Amino acid sequence: MERSGEASWRPPRACDDYWSEFRHCKSLRNCFHHYYTYGTSPSCKQWKEDYHNCKEWEKHRGAEAKDALQKSERNRVAEQRNFTPVWELRRDPPRDWHMPLNQEKPQDS
Amino acid sequence: MDQSKQEEEYGYNLFPERNRGNNKESSITQSLFTFNHKCQVMLQFAMETSPYAKLLLSAMQSSGCKVLKERHFSCEDCDGTVSGGFDAESSQIVLCQNNIHQQSHMNRVVTHELIHAFDHCRAHVDWFNNFRHLACSEIRAANLSGDCSFSNEVSRFNFGLKEHHQECVRGRALRSILAVRKISREEAEKIVDEVFHTCFNDHEPFGRIPHGKKDAGFAYRDYNNRDRYYANL
């Protein structure tokens, strides 16, 4: 969905963010935590590719780099949403969230 | 009689100061050296410095549930070894001032309970009647708050490595449910199994399982960047 066309597009994250995610992903600490959680070692090469595509786009503004980045990030979003929620999401916050305390509790009988 | 049965059924008996209709006003004459004051100080520090808490507070504000320290947090004495709770009826997070003595523990409890509050804010969670909803929020809170970090588990003498995190999350969710609801262990296990895959993979608002402050910091960075992120997807 383009708001004002191609001209205003920029990578979803700053290029340095991709690099710091890559370094973090490859760190010993993260590898340990990944094994502790999932029983496997993490796959980090996508972050590196995204970083290179980001830098590539910054230099040459190529459509290929842009498409690759978008595809990668959409994939990440899809992975995060890959489940059916057990509950129904609200449209508005709970009405009594901001109500003062005394008004909510019934009088002790 | 009805009230005491209800109290036991929903776990309110663990929080004896939560008497219905009996709200303790905070007194300016309260001593500086009480557990209550220490709890307040640690809470303030957690809200200001923990990236986990800061992210959750921002996310809740964006969802229309701005968290006010005086209104939505309450430091109280609790029974047994429970560290905190979320009271959906009064929209309050209870912190057990007699059981939380270290800042790191406070950070974790605040995060854990804020996850419940966040779920309450963004979804129609039926805390009292739907065990699947309760189980889901407990799984998420155990998963995302750092409750099940390797070091925390080791300090409980639970030594495990490969995929132990998941085992811990299951176990803690189970314990939390059994502590506040009167159902059998088998029933609770069945419910946790049913919703585990869905709820373990729901990482909102973090976008990842934060294994430590660095992860949480990255998640907070991503959260602050979300407008740019979604605009350029």
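In which helix of chain B does Glu153(B) lie? Glu153(B) is part of helix H7, residues 150-155; helices (H or I, at least four residues) and strands (E, at least two) are DSSP runs, numbered from the N terminus. This is a predicted model, in which local features need pLDDT of at least 70 and side-chain atom pairs count only at pLDDT 80 or more, while totals for chains, interfaces and linings use all residues. Residues are numbered from 1 along each chain as its sequence is written, chains are lettered from A and ligands numbered from 1 in the order in which they are written, and side-chain values use heavy atoms, with hydrogens and water left out.

**Glu153(B)**
- Glu153(B) counts as buried because its relative accessibility is 4%; buried means under 20% relative accessible area, exposed over 50%, and partly exposed in between (1.4 Å probe, protein chains only).
- Leaving out residues up to four places away in sequence, Glu153(B) touches Tyr36(A), Cys148(B), Asn158(B), His164(B) and Cys168(B); contact means heavy atoms within 4.5 Å.

**Chain A**
- Chain A has five helices and zero strands.
- Of its 109 residues, 36% count as buried.
- Among contacts in chain A between residues at least 6 apart in sequence, 59% join residues at least 24 apart.

**The interface of chains A and B**
- On the two sides, 48 residues of chain A are in contact with 67 residues of chain B.
- About 5,200 Å² is buried between the chains, and carbon and sulfur atoms give 53% of this area; buried area is the accessible area (1.4 Å probe) that two parts lose on being put together, summed over both.
- Tyr36(A), Trp87(A) and Trp97(A) supply 19% of the area that chain A buries against chain B, more than any other three residues.
- There are four salt bridges between the chains, a salt bridge being a side-chain nitrogen of Lys or Arg within 4 Å of a carboxyl oxygen of Asp or Glu.
- Asp17(A) forms a salt bridge with Arg221(B), with 3.1 Å between the closest N and O atoms.
- The side of chain A that touches chain B draws two or more residues from each of helices H1 (15-26), H2 (28-38), H4 (63-80) and H5 (101-104) of chain A.

**Helix H6 of chain B**
- H6(B) covers residues 131-144 and has 14 residues.
- Twelve of these 14 residues are buried, including His133(B), Cys136(B) and Arg140(B).
- The buried residues of H6(B) pack against helices H3 (51-62), H5 (103-122), H8 (164-180) and H9 (185-200) of chain B.
- Asn130(B) caps the N-terminal end of H6(B), where a side-chain oxygen lies 2.9 Å from the backbone nitrogen of Arg132(B).
- Just after H6(B), Gly146(B) has a positive phi of about 90 degrees.

**Salt bridges within chain B**
- Side chains of opposite charge can pair when their charged atoms come close.
- Asp147(B) and Arg108(B) form a salt bridge at 2.8 Å, N to O.
- Asp147(B) is in the loop between H6 and H7 and Arg108(B) in helix H5 of chain B, so this pair ties together parts 39 residues apart in sequence.
- Asp202(B) and Arg140(B) form another salt bridge, with the closest N and O atoms 3.4 Å apart.
- Asp202(B) lies in the loop between H9 and helix H10 (213-224) and Arg140(B) in helix H6 of chain B, so the pair ties together parts that are 62 residues apart in sequence.
- Both Asp202(B) and Arg140(B) are buried.

Note on methods
Expected span 1.5 Å × (residues − 1). Polar contact = N/O pair within 3.5 Å; in protein donor to acceptor, adjacent residues only side chain to side chain.
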